[in-house]
Amino acid sequence: MNKKQKTPDYIFESSWEVCNKVGGIYTVLSTRAKTLQEKFQDRIIFIGPDFWKENESPYFREEKALFAEWQWQAHEQGLNVRIGRWTIPGEPIAILVDFYPFFEKKNEIYGWLWENYQVDSLHAYGDYDEASMFSYAAGLVVESFYNHIIDKTKKVIYHANEWMCGLGALYINKKLPQIGTIFTTHATSIGRSIAGNQKPLYDYLFAYNGDQMAWELNMQSKHSIEKQTAHYVDCFTTVSDITANECKELLDKSVDVVLPNGFDNSFVPKAATFTKKRKQARQKMLQVANALLGETLDEDTLIVSTSGRYEFRNKGIDVFVEAMNRLLRDRQLKKKVVAFIVVPGWVGEFRKDLKERIESGQSYDTPLEVPQVTHWLHNMGHDNVLNMLKFCDMHNRHEDNVKVIFMPCYLDGKDGIIDLSYYDVVLGNDLCIYPSYYEPWGYTPLEAVAFNVPCITTDLAGFGLWANKVFGHSGELTDGVKVIHRTDYNYSEVADCIKDTVTDFSNMSKAQIEACRKQAGGLSKKALWKEFIKFYYEAYDLALTKAEERILKTKTNIIK
């Protein structure tokens with residue numbers, strides 16, 4: 001039966017990462033915004049936290065004329081909001097709200113949350129309070145906007161991302177039942193915690209009790225808001241089949257729709273610009289490596305990297321280092337390899353000695369002290385990457401054919417050493433490696449293939465599973481993406497498989513490498529938002545249908 005889908009007239013979407021670039025959800029929302037803005041034209045409104053106040057934000061441009069009368073009314077109600085444009089492709093409307101004034105009402109808000117939804121906020125610590133006050137403020141913003149601006153015949157969606165925005169979704173659910181609510185968990189807080197605490201997640205998933213594990217791992221409040229939001233909203237969603245299974249087992253709630261993370265490739269350079277930028281990136285990366293190592297690595301050097309959040313086990317950084325260690329002794333390796341670990345750590349300052357060498361333009365035949373790191377860290381003695389390199393006796397010796405360099409800074413083009421944006425650095429790679437253990441989706445491999453860079457990932461990443469589904473078999477390097485089978489216990493086999501894949505790549509001809517690159521780029525086209533946005537329309541339809549049924553039921557009960 002093909003019923004006509006209900007389409008919202010307005011969509012409000014809240015996230016801690018609206019105009020706040022701190023993680024992968026920023027990429028999800030900011031790349032999807034253009035597709036939604038084209039369809040809904042200023043009726044998609046993003047709500048984020050106002051950290052910048054009077055200071056200028058690089059992600060937000062204030063426009064005081066936008067909904068000027070409502071802005072005044074909101075201020076009268078005690079809501080400090082700023083309205084403008086999120087400075088991303090599509091430039092959608094964004095409302096930033098100051099949530100700090102609500103801290104004085106915190107206990108009252110948590111009391112309301114317990115009475116209505118049995119959310120346990122007693123065990124809150126860390127970022128729970130901050131996120132909850134923002135989420136509450138976002139709910140108030142939507143309530144005020146809806147009551148002052150929107151015609152009550154219009155169909156409205158409120159979309160909350162992650163546990164941080166759960167409170168606002170529950171507030172809307174209670175106060176404005178005519179609004180369809182959607183909640184997306186991009187990773188369950190308890191699943192990430194189980195994995196991050198070195199516990200086997202997948203083999204025992206069926207046996208884990210989410211509530212019990214939350215108590216054991218001191219995650220009660222985050223787990224509670226996430227679980228209750230999942231149960232009460234009109235449409236509960238996540239980003240991949242692997243996380244859908246996790247939700248079912250740990251939150252005791254099956255997802256209604258899976259919303260895979262798409263991509264907007266408008267910023268991928270075209271033709272001659274692409275070739276030029278790739279060449280520049282490779283030159284810069286080799287220049288940094290040569291200055292740090294006292295080497296003369298040439299253009300034929302294989303540049304590989306891993307990147308992402310600094311979750312040493314979850315993101316597979318440990319197995320990446322182990323694979324490079326094994327590659328050192330692989331006699332089949334036909335090229336020298338420089339392997340970058342591009343993961344923001346507790347960075348102090350860039351290395352002045354390295355900067356001086358780079359700027360001198362000279363060649364050096366002796367390495368700098370600690371030739372494994374480009375920036376000094378605050379916690380050099382306790383850093384996981386540096387400690388593992390030391391444990392493996394990997395000191396980037398002159399005779400080593402594999403050199404590993406830790407770049408622990410955020411690549412914004414102004415780090416002092418590489419001075420390139422993250423995407424420019426990805427562009428310079430020959431091969432990217434993301435051997436994740438816990439990865440609900442996986443933007444890093446998707447970004448790599450968008451720049452025609454073949455990559456290695458695992459089938460514990462949502463992206464890896466999706467790629468296998470597209471290929472109809474386990475991905476191989478000749479498909480553009482090598483998808484390694486990963487379990488709770490096959491760490492060593494994964495390390496060997498990465499080593500063998502890099503070795504195979506080093507033996508490929510130029511024509512074979514070009515074919516791999518072409519396949520990688522082709523796969524990325526299948527993950528564009530224009531391919532995946534249909535799943536969002538399905539979620540909107542489901543949420544609006546549930547909201548309509550709820551209102552109809554209420555009216556029927558009143559008549560009775």
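How do the residues lining the second largest cavity divide into nonpolar, polar and charged? I get three nonpolar, three polar and one charged, with Ala, Val, Leu, Ile, Met, Phe, Trp, Tyr, Cys and Pro counted as nonpolar, Asp, Glu, Lys and Arg as charged, and the others, Gly among them, as polar.

Ground rules for myself. This is a predicted model, where local features need pLDDT of at least 70 and side-chain atom pairs count only at pLDDT 80 or more, while totals for chains, interfaces and linings use all residues. Numbering runs from 1 along each chain as its sequence is written, and side-chain values use heavy atoms, with hydrogens and water left out.

Cavities. I looked for sets of points on a 1 Å grid over the protein atoms alone where a 1.4 Å probe fits but cannot get out, with lining residues having an atom within 4 Å of a point. Points are joined across faces, edges and corners, and a volume is the space filled by probe spheres set on them. Two cavities of 30 Å³ or more turned up. The largest comes to about 40 Å³, and its lining includes Tyr 202, Glu 246 and Pro 440. I sort that lining into five nonpolar, one polar and two charged.

Cysteines. I searched the whole structure for disulfides (cysteine sulfur pairs within 2.5 Å) and found zero. Cys 392 is in none, its nearest cysteine sulfur being that of Cys 497, 19 Å away. For Cys 247 the closest is in Cys 235 at 12 Å, too far for a bond.

Technical notes
On a 1 Å grid over the protein atoms alone, a cavity is a set of points where a 1.4 Å probe fits but cannot get out, and a pocket is an open set with protein on both sides within 12 Å along at least five of seven lines; lining residues have an atom within 4 Å of a point.
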